[in-house]
Amino acid sequence: MEILQVAQHADDLDRAAAFYENLLGEAPAARFDPPGLLFFNIGIGRLLLEKGAPSALVYVQVDDVAETVERLRSDGVRVVTEPHVIFTHADDAIGPAGNDEWMAFIEDSEGNTVGLVSYEPRHDP
């Protein structure tokens, strides 16, 4: 089984489309308006943006959390939580072994919090 789709609240589809296209580096895959549905393909799943959806906490894997946060900050995106190591993976149970899991949180154009995640080889002190 795989997660097929996550729905996220968006009051303004044009504004949300611009925000997520910048974040994901991809144009929307489909838009149906009416009724007001905007889709982005992310990996094997889809992100659905729609006015009727509740706010969800979506986590997006990026190549480098710190770099992504700085790029988004320069675009005026509000950073909720700065990049930090949240976990070190000793095995492959929930992430790649030998890697630190970096995370940060930003606010999207619709007021939703979005988590950014990246993995970086562990650097022993």
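**Around glutamate 101**

Glutamate 101 touches His84, Val85, Ile86, Phe87, His89, Val117, Ser118 and Tyr119, leaving aside residues up to four places away in sequence; contact means heavy atoms within 4.5 Å. This is a predicted model, where local features need pLDDT of at least 70, side-chain atom pairs count only at pLDDT 80 or more, and totals for chains, interfaces and linings use all residues. Residues are numbered from 1 along each chain as its sequence is written, and side-chain values use heavy atoms, without hydrogens and water.

*More on this residue*

- Glutamate 101 lies in strand β7 (residues 99-107); strands (E, at least two residues) and helices (H or I, at least four) are DSSP runs numbered from the N terminus.
- Glutamate 101 is buried, meaning under 20% relative accessible area with a 1.4 Å probe, protein chains only.
- The side chains of glutamate 101 and histidine 89 are joined by a polar contact of 2.7 Å (a pair of N or O atoms within 3.5 Å, one able to donate a hydrogen and the other to accept it).

*The open sheet*

- An open sheet of 4 strands runs in the order β1-β4-β3-β2, with mixed pairing; two strands pair if DSSP finds at least two bridges between them.
- At its edges are β1 (5-9) and β2 (30-32), each pairing on one side only.
- β1 pairs with strand β4 (residues 45-50) in the parallel sense over 5 bridges.
- Glutamine 8 stands opposite leucine 49 in β4.

Definitions and conventions
Buried < 20%, exposed > 50% of the residue type's maximum accessible area, 1.4 Å probe, protein only. Lys, Arg positive; Asp, Glu negative; His and termini not counted. Salt bridge = Lys/Arg side-chain N within 4 Å of Asp/Glu carboxyl O.
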